[in-house]
Amino acid sequence: MATAPEALLAEAASDDGLVARPPSRARVTLRRFLAHPTAVAGLAVVALLFVLAFAGPHLTRWSYSDIDYTALRSGPSARHWWGTNRIGQDVFAQTVRGLQKSLIIGLLVGVAATAGAATVGACAGYFGGWTDRLLTFVTDLLLIFPSFLVISVVSPRLKGGGWLVFALLLALFGWMITARVVRSMAISLREREFVRAARYMAVGPLRIIARHIVPNVASFLIIDATIAVGSAVMSETALSYFGFGVQPPDVSLGTLIADGTGAAITYPWMFFFAAGLLVVFVLAVNLVGDGLRDAIDPTSARRRPGRRRAR
Amino acid sequence: MNDPVLDISGLTVDFGGVPAVRGVDLHLGRGEVLGLVGESGSGKSVTALAAMGLLPAAAHVGGSVRLDGAELVGAGDKALSRVRGNRVAMVFQDPLSAFTPVYRIGDQIVEAIRTHQDLSREKAAARAVELLDLVGIPEPRLRAAAFPHEFSGGMRQRAMIAMAVANNPDVLLADEPTTALDVTVQAQILDVLRTARRETGAALLLVSHDLGVIAGMADRVAVMYAGRIVETAPVDALFAAPRMPYTLGLIGAVPRLDADAEGRLEPLVPIPGAPPAPGALPPGCAFAPRCPLAEDRCRETEPLLTAAGRAGKATHPAGAADPAHLAACVRAEEVGALRPLDVFPVPGTDGALRKAGPGGGRPVADDVLRVTDLARTFPLLKGAIVKRRVGSVHAVDGVDLDIRAGEVLGLVGESGSGKSTTLFEILELRPPERGSVEVLGRSVEGLTRRDARALRAGVQIVFQDPMASLDPRLPVGDIVAEPLRAQHADRALVARRVPELLRRVGLEPAHADRFPHEFSGGQRQRIGIARALAVDPRLLILDEPVSALDVSVQAGILNLLLRLRAELGLAYLFVSHDLSVVRHVADRVGVMYLGRTVETGAVAEVFARPLHPYTQALLSAVPLPDPVRERARTRILLPGDPPSPTSRPSGCPFRSRCQVFAALDPGRKERCTTQAPALAPQGGDHTAACHFPAERAVL
Amino acid sequence: MAAYVARRAGYYVALLLVAVCLSYTLAATALQPRAYFEARQPPPRPAAVDAQLTALGIDDRTPLYDRFGHWAAHAVRGDLGRTIDDTSVNDEFGRRVGVSLRLLLVGTLAGTVLGILAGAWTAVRQYRLSDRLVTVGSFLLLSTPVFLLAVLLKIGAIRLNQALGTDLIRFTGETTPGLRGGWWAHAKDRAVHLLLPSLSIGLITIATYSRYQRSTMLDVLGSDYLRTAQAKGLTRRKALLKHGLRTALIPMSTFFSYNFLAVFTGAIFTEAIFGWHGMGEWLVGSIGKDDVNSVVAVSSFAAVVVLFSGLVADVLHAALDPRIRHS
């Protein structure tokens with residue numbers, strides 16, 4: 001039967017339905033998540049950064065585009081908390097504004113890319129045949145098609161609400177690897193007995209995908225979406241750094257870092273606030289994702305018995 | 001008892017405070033075979049692993065394990081590694097995952113040899129080939145160069161045994177060595193284990209959940225429950241007069257292939273409830289909550305394993321306590337004189353429900369399923385980076401079935417015989433590759449979508465693995481309602497039906513909002529049955545419905561199925577690899593080999609007078625949970641593994657392993673090699689596909 | 001067999017063709033080479049601009065399919081056209097491929113080996129201090145975009161150089177222009193220039209590979225065959241090295257192709273920041289110069305590289321896993 005002793009234990013524990021009602025899945029997940037101090041810290045940091053990004057602009061009297069001609073390249077002070085840049089713009093106002101943009105783009109891209117991946121992957125995997133072939137071709141095509149080219153050619157030519165299109169482009173090129181994983185999960189789910197059972201009971205294919213396939217890859221999708229937010233922020237800032245992303249007068253962490261790089265040694269405040277927030281945000285998101293993986297994914301939990309037992 | 005070679009005393013194992021083994025004493029004498037029996041989670045495998053110091057670091061091991069007086073608990077990795085594989089060797093359950101997939105079998109055995117013996121690579125390789133030959137691997141020199149995945153399950157287990165005996169160990173630990181294998185292969189492997197013991201003189205600790213295997217192999221038996229030994233005795237005494245109610249229940253719960261003197265079957269006795277979770281043991285005797293004999297004192301203190309009980313008069317005329325028969329039960333003396341049915345009353349009407357007797361004949365009714373000459377092939381793909389079709393797998397190649405309303409047909413065969421493919425072909429409701437399928441009197445040719453939906457309401461399926469067949473993300477109420485919704489039942493009907501169905505299979509209607517993982521294995525299978533019953537089908541297809549369950553739970557499910565069938569007039573297509581189970585539930589039986597039906601007939605008739613040599617071998621390979629009868633039997637040991645279904649040999653597909661064919665004179669062999677035998681009537685509705693059918697007693 | 005190889009190759013070629021067509025269409029419609037010429041000082045005559053555009057085959061007055069046909073006719077013969085500055089794309093390509101490969105090679109090779117070792121080591125020492133330190137380090141690195149890491153390394157190097165008062169670490173270009181000296185001086189100069197770009201690629205590679213290797217290794221740690229290896233008398237350490245690590249490498253081959261994609265994109269930024277004249281810098285530069293033919297050449301190259309890395313991953317997988325090789 002089971003091979004590892006912990007699996008034996010787990011099995012014996014699961015034979016316990018008569019005795020007491022075990023806590024619901026959501027509660028178990030929450031409890032396991034809370035047992036990770038780093039993941040909880042990550043979540044707290046993410047929450048704080050959101051507060052900073054959205055409340056920050058109201059805390060200071062400077063707007064991100066205001067220019068204070070009396071203070072060029074001045075260091076942090078009571079007037080300008082994080083100093084000013086070379087044309088006298090308030091670094092704090094600019095940074096929180098950039099953070100806001102980066103966070104919104106990251107969230108949007110993470111959610112859109114994961115939703116797309118789930119749809120494409122589940123359909124390709126469940127239906128198989130020509131649907132699968134067609135969707136796999138599109139997936140492969142987008143994988144080898146240089147996304148950098150499309151984004152860098154298209155986005156500098158966008159005006160106004162261009163960041164939205166930019167975000168959608170990032171999402172367009174961000175779902176393929178996830179879709180491949182979802183596809184292979186769907187293929188194995190399709191042969192699982194509960195899906196077969198549904199099929200033999202005359203449940204329709206779309207209903208099977210919605211009720212059985214997607215919920216059973218949901219834990220993977222949640223984790224993946226979290227990580228995707230982090231990597232979307234990284235792509236966004238990288239492209240913006242080279243002028244291919246968010247366009248002036250709008251700012252993002254990427255454009256701010258680009259502006260501050262030259263002055264990083266002489267006027268560190270122009271560079272390090274934006275750079276620091278970027279790393280802290282992505283790090284926090286990754287820690288949350290890692291904690292979620294441990295909390296949701298039963299296989300990763302099995303592989304980490306030491307940690308659970310240590311508590 | 002002579003000086004024990006392996007002496008385990010007071011062994012405890014816990015995982016972060018959760019006890020898995022709670023004070024186990026085992027003494028293994030030189031050359032002795034000790035059977036360790038228990039259900040999943042009883043701690044038997046953990047005990048074996050702890051004895052070798054192979055538990056993960058998270059396990060906390062206490063007590064003492066002495067090998068010839070030398071203490072192993074607490075010894076360092078270096079010291080242990082000198083003992084492991086050298087003086088104590090282990091045979092694991094799943095030989096596929098137990099071999100490193102990237103190294104050749106021969107090299108892995110060579111490694112075992114050279115770790116402990118100062119031999120040159122060439123000498124060690126030669127010795128590895130010898131060992132492979134000893135365990136009956138054909139062409140050992142060639143096969144030594146194969147990778148583990150190129151071996152069949154039985155071959156891998158042979159190689160595992162070869163590796164274990166490579167250094168002539170004093171003690172062999174075998175952890176469920178035959179559990180993953182087919183019954184004919186199991187018989188071969190048990191035979192190899194006997195050979196290996198004869199060659200090395202090693203003592204054997206055989207861990208198994210299968211009472212039949214233990215009965216045939218062990219000198220002494222220890223029964224484990226909830227991390228403790230609850231009874232230990234010489235094998236005959238244990239099976240004849242168990243003194244612990246749990247042992248008694250276990251023996252009563254096993255369906256048996258052999259009937260009693262009047263040719264009738266005992267009803268199965270299920271043990272109520274499920275084993276306790278390791279972290280939540282009841283005070284007192286761990287078995288008390290499930291024990292009908294439990295008294296107040298049982299719930300207060302945990303009874304010790306003692307010989308206090310006076311033996312029954314039959315076994316020990318002197319009336320003295322047998323010092324080798326120990327039981328952890330305060331009422332051991334009384335229990336010794338009881339039979340399973342006395343202790344575990346079969347609830348309600350279950351006990352009275354018997355299937356039609358052998359003389360009953362078939363019901364006069366319509367066919368609910370008729371399959372004629374069904375075939376299904378799959379493409380065989382080969383290649384790593386590049387896949388190409390190199391042939392066909394003839395998974396199903398001529399299957400005939402017919403089931404009348406209210407009848408139970410058992411379909412038996414080993415893995416790869418095409419049982420599951422047959423089921424899925426029927427359930428897909430699409431025109432078959434060859435042959436015909438008629439479900440509830442309708443041919444599956446030319447069904448419209450609407451027709452198919454209506455037809456699906458009449459045929460439902462229950463799967464083997466009750467966890468895998470229930471969507472873990474849906475509450476039980478929704479799972480049970482799924483077929484109703486698929487038939488567009490209205491809300492009111494669903495709301496009325498779900499509690500009714502749950503009650504019918506012995507669950508609380510209040511459980512409808514719980515999730516599958518909150519139930520025990522047996523309860524999950526009940527949910528699966530409730531779901532199948534939701535749309536009032538006429539035919540239930542049961543795919544190994546009890547093979548994932550412990551025996552004590554299995555009995556309850558089988559009784560439930562028998563009751564439902566009587567109450568609802570259902571017909572079953574009951575697929576199983578376990579002939580004892582089929583014997584217990586089915587009216588008729590069909591035996592499959594390599595995708596074909598080779599014998600059919602009434603169960604009592606086929607089991608009493610099997611005509612096809614394969615059926616005979618199959619029946620002969622099933623171990624009986626009765627040490628006396630088991631020792632007296634002669635086995636038909638089939639050579640090798642079933643041939644691959646990729647090649648379709650001319651003539652009879654079974655002849656390569658057939659004991660009858662082997663004994664024929666060349667003139668008559670001719671017929672088997674050229675003509676494939678058809679299913680031919682052998683009197684009554686007994687049919688067999690054999691040119692030279694002959695009766696042979698096998699039980 | 002042959003039929004299957006042909007089919008698989010056909011699939012790759014089809015993918016590649018569609019990707020190239022799309023790249024060309026996009027580059028030819030979105031980039032405006034006319035504007036590039038018109039912006040020159042002094043402004044050239046319109047007729048001269050037209051003539052130049054026509055000569056390069058990128059005249060926006062010619063229908064797209066004609067331009068594509070013209071380009072494709074040359075491309076199949078191995079001629080990728082002219083750059084916007086009227087030099088040969090092929091020559092530029094040849095010069096830059098080597099630069100990119102030198103950059104990628106050191107960083108990815110060293111990063112892969114070190115990452116796998118770090119991952120295996122931390123898996124074995126799970127939850128000890130060393131594991132936690134490596135884990136924290138790799139999380140930090142994985143949360144730093146490549147461009148930012150490159151910039152930070154550059155800032156660190158400037159600080160170091162200032163503190164030491166010498167140009168110990170150089171971070172612009174591949175070599176010091178006009179350097180005189182023997183073979184040794186040139187080798188040293190190259191190594192000094194290679195340090196930071198390789199570090200920025202290598203560090204991130206180490207971080208990703210160590211995370212993946214750690215998790216595949218942890219899967220292996222609970223495996224039955226590792227227990228078997230110990231049961232036959234190997235010490236834990238020997239069993240881990242001989243049976244555990246070897247098997248845990250198998251899933252890494254699939255990961256290799258995905259990771260290469262990321263490294264390749266990262267290299268664009270690395271080149272641009274450290275002033276290496278490789279393919280990535282070329283792509284960034286050509287987009288800025290509305291250089292259609294160069295952009296198409298680099299994009300096609302990227303597509304080929306990605307397909308090739310997929311193939312390498314397949315071969316690696318088969319080489320590592322006999323179950324694939326012999327099935």
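A cavity here is a set of grid points where a 1.4 Å probe fits but cannot get out. The structure, a predicted model, holds 12 cavities of 30 Å³ or more. The second largest pocket has a volume of about 800 Å³.

**Second largest cavity**

- By class, the lining has 12 nonpolar residues, no polar ones and 1 charged.

**Second largest pocket**

- The volume of this pocket is about 800 Å³, and 24 residues line it.
- Closest to the pocket centre are Y126(A), R199(A), E428(B), R430(B) and R456(B).
- From chain A, helix 9 (193–200) and helix 10 (205–241) each supply at least two lining residues.
- From chain B, strand 12 (367–382), helix 14 (419–428) and helix 15 (449–458) each do likewise.
- The pocket lining divides into 10 nonpolar, 3 polar and 11 charged residues.

**Chain C as a whole**

- Read along the sequence, chain C runs α-α-α-α-α-α-α-α-α-α-α-α-α-α.
- The C-alpha trace of chain C spans about 85 × 65 × 40 Å along its principal axes.

**Helix 11 with helix 13, chain C**

- Helix 11 of chain C passes helix 13 of chain C in a right-handed crossing.
- Helix 11 of chain C brings S253(C), F256(C), S257(C), F260(C), L261(C) and F264(C) to the contact.
- Among the residues they meet in helix 13 of chain C are F301(C), A302(C), V305(C), V306(C), S309(C) and G310(C).
- Helix 13 of chain C also contributes V312(C), A313(C), L316(C), H317(C) and L320(C).
- The residues of this contact comprise 12 nonpolar, 5 polar and no charged.

**Helix 5 with helix 11, chain C**

- The crossing of helix 5 of chain C past helix 11 of chain C is right-handed.
- On the helix 5 side of chain C, the contact uses S100(C), L103(C), L104(C), T108(C) and I116(C).
- On the helix 11 side of chain C, it uses M252(C), V263(C), F264(C), A267(C) and E271(C).
- The contact residues divide into 7 nonpolar, 2 polar and 1 charged.
- F264(C) of helix 11 of chain C also takes part in the contact with helix 13 of chain C.

**Helix 4 with helix 7, chain B**

- Helix 4 of chain B spans residues 105–116, and helix 7 of chain B spans residues 153–164.
- Their axes come within 9 Å and cross at roughly 20°.
- Angles under 35 degrees count as roughly parallel, so helix 4 of chain B is roughly parallel to helix 7 of chain B.
- Helix 4 of chain B passes helix 7 of chain B in a right-handed crossing.
- I105(B), Q108(B), I109(B) and A112(B) of helix 4 of chain B meet A159(B), A162(B) and M163(B) of helix 7 of chain B.
- This contact has 6 nonpolar residues, 1 polar and no charged.

Notes: Residues numbered from 1 in each chain as written. Chains lettered and ligands numbered in written order. Predicted model: local features only at pLDDT ≥ 70, side-chain atom pairs only at ≥ 80, totals over all residues. Heavy atoms only, no water. 1 Å grid on protein atoms, 1.4 Å probe; cavity = no way out; pocket = protein on both sides within 12 Å on 5 of 7 lines; lining within 4 Å. Points joined across faces, edges and corners; volume = space filled by probe spheres on them. Nonpolar A, V, L, I, M, F, W, Y, C, P; charged D, E, K, R; others polar. Left-handed = near helix turned anticlockwise from the far one by under 90°. Helix = DSSP H or I, 4+ residues; strand = E, 2+ residues; numbered from the N terminus. Contact = heavy atoms within 4.5 Å. Axes fitted to C-alpha atoms, helices over the stretch in contact; angles between N-to-C directions. Parallel < 35°, antiparallel > 145°, perpendicular 65-115°, else oblique.
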